[in-house]
Amino acid sequence: MTHMHITSWVLAIILFIVTLVLMKMNNEKGAKIVSMITRLFYIFVLVTGVMLFMSMPEPTGDYHIKMLAGVLVIVMMELLLVATKKQRSTVLYWILFIIILLTTIYLGLKLPMGMKFF
Ligand code: HEM
């Protein structure tokens with residue numbers, strides 16, 4: 001399950017970047033299609049994350065923080081897509097996105113299931 005979770009969020013981030021590139025290239029139709037597929041992957045990330053959570057007999061408080069951070073990564077990706085589409089400044093969103101993403105990966109790897117690096 002951790003492999004499915006990792007595959008889902010890696011693909012979600014790749015698709016998110018492809019959507020941004022298409023937006024920058026003014027390929028509106030392409031960006032719309034890829035952003036739909038990106039959203040489908042958000043669902044995979046959420047479902048695999050919740051399944052991991054449920055497979056833990058006694059989840060600690062760290063699990064709640066990990067899940068909240070994971071959901072916030074998805075929120076940040078959507079905010080970045082909307083701001084880019086509307087050609088608003090995205091600097092603050094990018095900074096928050098990177099910080100929350102790194103925190104989420106750190107917490108995921110620190111928690112006991114799957115790989116444990118920290
Ligand atoms: C893009 C967002 C996300 C990223 C980058 C991410 C990253 C990670 C990483 C790196 C791991 C460790 C995998 C391993 O050790 O093999 C992990 C595990 C996990 N994730 Fe996520 N995740 C995200 C979203 C979510 C969401 C939305 C949820 C829940 C709703 C969630 C819940 C979990 C749980 C419960 C684990 C198992 C923790 C453990 O190792 O014991 N994640 N995630």
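Leu 40 lies in helix α2 of this predicted model. With a relative accessibility of 43%, Leu 40 counts as partly exposed. The residue belongs to a nonpolar patch on the surface, formed by Met 1, Met 4, Ile 33, Met 36, Ile 37, Leu 40, Ile 43, Phe 44, Val 47, Val 50, Met 51 and Met 54. Together these residues have about 1100 Å² of accessible area. The most is given by helix α2, which spans residues 28-54 and supplies ten residues to the patch.

Helix α2 also holds Tyr 42, and this residue is buried, its relative accessible area being 6%. The 6% for Tyr 42 falls under the 20% cut-off for a buried residue, whereas the 43% for Leu 40 places that residue in the partly exposed class. Tyr 42 and Ser 8 are 34 residues apart along the chain, and their C-alpha atoms are separated by 7.8 Å.

The UniProt record, an unreviewed entry, lists residues 6-25, 37-57, 63-84 and 91-109 under "transmembrane region". Two of these segments were examined for secondary structure and end-to-end distance. Over residues 37-57 the chain is 86% helix and 0% strand, with the end C-alpha atoms 33 Å apart. For residues 91-109 the corresponding values are 100% helix and 0% strand, and the end C-alpha atoms are 27 Å apart.

A search of the whole structure for salt bridges returned two. In one of them, the side chains of Arg 39 and Glu 78 meet at 3.1 Å, N to O. Arg 39 lies in helix α2 and Glu 78 in helix α3, so this pair ties together parts that are 39 residues apart in sequence. Arg 39 is partly exposed, at a relative accessible area of 35%. A salt bridge is also formed between Asp 62 and Lys 110, where the closest N and O atoms are 3.5 Å apart. Because Asp 62 lies in helix α3 and Lys 110 in helix α4, the pair ties together parts that are 48 residues apart in sequence. Asp 62 counts as partly exposed at 31% relative accessibility, and Lys 110 counts as partly exposed at 30%.

Helix α3 also contains Leu 79, a residue that is partly exposed with a relative accessible area of 34%. Leu 79 is 15 residues from Trp 94 in sequence, and the C-alpha to C-alpha distance between them is 9.7 Å.

Charge on the surface was considered next. Lys 32, Lys 85, Lys 86 and Arg 88 gather there in a patch of positive charge. Of these, Arg 88 is placed in the loop between α3 (61-85) and α4 (91-110). Arg 88 has a relative accessible area of 46% and is partly exposed. The loop between α3 and α4 is also the place of Gln 87, which is exposed, with a relative accessible area of 71%.

Backbone torsions were then inspected. Most residues other than glycine have a negative phi. Gln 87 has a positive phi near 55° although the residue is not glycine. A positive phi, of about 60°, is found as well at Asn 26, which is not a glycine. Asn 26 has its place in the loop between α1 (2-24) and α2. At 61% relative accessibility, Asn 26 counts as exposed.

The loop between α2 and α3 contains Glu 58. Glu 58 counts as exposed because its relative accessibility is 70%, over the 50% cut-off. Glu 58 and Val 21 are 37 residues apart along the chain, with a C-alpha separation of 42 Å.

How values were computed:
Residues numbered from 1 in each chain as written. Predicted model: local features only at pLDDT ≥ 70, side-chain atom pairs only at ≥ 80, totals over all residues. Heavy atoms only, no water. Patch = residues over 30% accessible without salt bridge, like charges linked within 9 Å, V, L, I, M, F, W, Y side chains within 5 Å. Areas by Shrake-Rupley, 256 points an atom, 1.4 Å probe, with all protein chains shown as cover. Salt bridge = Lys/Arg side-chain N within 4 Å of Asp/Glu carboxyl O. Lys, Arg positive; Asp, Glu negative; His and termini not counted. Charge placed at Lys NZ, Arg CZ, Asp CG, Glu CD. Helix = DSSP H or I, 4+ residues; strand = E, 2+ residues; numbered from the N terminus. Buried < 20%, exposed > 50% of the residue type's maximum accessible area, 1.4 Å probe, protein only. UniProt positions renumbered as here; feature names shortened; annotations may be inferred.
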